[in-house]
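Thanks for making time. I will go through one structure, taking salt bridges, a helix and a pocket in turn.

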Amino acid sequence: MANSDAQVSRSRDLDKLLLRPGHLVGANFEPSPELRDDIGKYAKVLVVGAGGLGCELLKDLALSGFQNLEVIDMDRIEISNLNRQFLFRLQDVGKPKAEVAAQRVMERVSGVNIVPHFCRIEDKDLDFYNDFNIIALGLDSIEARSYINAVACSFLEYDSEDNPREETIKPMVDGGTEGFKGHARVIMPGVTPCFECTIWLFPPQVKFPLCTLAETPRTAAHCIEYAHLIKWDEVHNGKAFDPDEPEHMKWVYSEAVKRAELFGIPGVTYSLTQGVVKNIIPAIASTNAIISAACTLETLKIVSGCSKTLSNYLTYNGAEGLHTKVTEFVKDKDCLVCGPGVLIELDPSVTLQEFIKLLEVHPKLLLTKASVTHRGKNLYMQAPPVLEEMTRSNLNLLLFDLMGKIPKDVVHVTGTTSKNDKKTSSLRKLWVIFKSVDEVTDMDMAGGT
């Protein structure tokens, strides 16, 4: 098939959306061939996660005309991934997921450029995330979703009447799967509910009583958690357990097998060990494909305006037939993440170190080990060590001076919070007002309280 014929074939269904007028289109939608070209040239999408759902997202976005894609994932490919993460092969085991996934899609879809990032999502600064038009999530972790949600919401600005400024809205499309069930949702910070607004949708994680683990284990999961939560600390004298370190996971598996044999409990496998320790939920390829298709379509809608977007949460259940349902949730006007931000009044004589101490006891924050940035500049970074050393001298300086003596402005803080006895990384947006500073410009006041 000639290249021109291949292009026509690939864009045939896309053209039905982008080249035709309609009654459900966005307010600024103008059908034209140029729109399709502009999506390829100018739309920039970040895919977070290169697992089962992330692989599907990369493929679907590339085949839908998106040419400027980036993907971030901290994991390496494991044998257990191969049954559903279709971009990977046996010879790829041990390689970074993001790098292999990007290369595979570029080999199959001409014209697309995918930049991989093999690192933790926390390793990237705010400017990195702000460079994208849309962020598409293919994650299996509540903590990771919360972090990216907070990052996207940190760009949001409000006017003096507490209305979100449209140009500061960073859209997100979130997908998730669990066996034969899945969801797709559209998050427009300041307009629709953000992830934190509906955190109650996710049930609390199952926890086993320590006495059961230590004395009367009855399941394979009990044996695994015994090795993970009790035996590890007994043997390693306080050494931190890293679930992403293969040697650590192999040790837990080995100890769990011994524990299971002692009590005559079958079913301990390495795959189950990973699932219990990392709270991995079994995934099915067909569910990933369906949810990815829904997320990709929503991404295309947001960029092009070819149709109104999902409003705002779609659930899919393929366990008994095929069932989908759309639910519209309401934004929490008092949400600490997507709302106007936490207002903090300070005296101009407060140092950066005193400000960081204040974050630990502030009732709406309770952030420990906080890093602070202002307008993209690192005021103080807890890690990595080289940045901590570079910014340490700022601790004794006045925060007012470090912020350019602006009477009111936004700072972003990243630190550790505790939820359900589990420590997580959190990013928060703060409006800092310095008391007794009279000169406040209209620009400074923008953003509300």
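**Salt bridges, a helix and a pocket**

D174 is buried, at 1% relative accessible area. Keep in mind that this is a predicted model. The salt-bridge partner of D174 is R145, with the closest N and O atoms 2.9 Å apart. D174 sits in strand β5 and R145 in helix α6, so the pair ties together parts that are 29 residues apart in sequence. R145 is buried too, with a relative accessible area of 5%.

In total, the structure holds 16 salt bridges. Some share partners: R12, D13 and K16 are joined into one network that way.

Next, R36 and D15. Their closest N and O atoms are 2.6 Å apart. This bridge links helix α2, which holds R36, to helix α1, which holds D15, across 21 residues. R36 is partly exposed at 21% relative accessible area, while D15 counts as buried at 17%. The cut-off for buried is under 20%, so the two fall on either side of it.

Staying with α2, which spans residues 33-42, its buried residues are L35, I39 and G40. Seen down the helix axis, they fall within an arc of 140 degrees, so they line one face of α2. K41 and Y42, on the other side, are exposed.

Helix α2 also brings us to the second largest pocket: α2 and α11 are the elements that give two or more residues to its lining. The volume of this pocket is about 800 Å³. Of its 30 lining residues, E166, K301, I302, V303 and G305 are the closest to the centre. By class, the lining has 15 nonpolar, nine polar and six charged residues.

How values were computed: Residues numbered from 1 in each chain as written. Predicted model: local features only at pLDDT ≥ 70, side-chain atom pairs only at ≥ 80, totals over all residues. Heavy atoms only, no water. Buried < 20%, exposed > 50% of the residue type's maximum accessible area, 1.4 Å probe, protein only. Helix = DSSP H or I, 4+ residues; strand = E, 2+ residues; numbered from the N terminus. Arc of directions from axis to C-beta. 1 Å grid on protein atoms, 1.4 Å probe; cavity = no way out; pocket = protein on both sides within 12 Å on 5 of 7 lines; lining within 4 Å. Points joined across faces, edges and corners; volume = space filled by probe spheres on them. Nonpolar A, V, L, I, M, F, W, Y, C, P; charged D, E, K, R; others polar. Salt bridge = Lys/Arg side-chain N within 4 Å of Asp/Glu carboxyl O.
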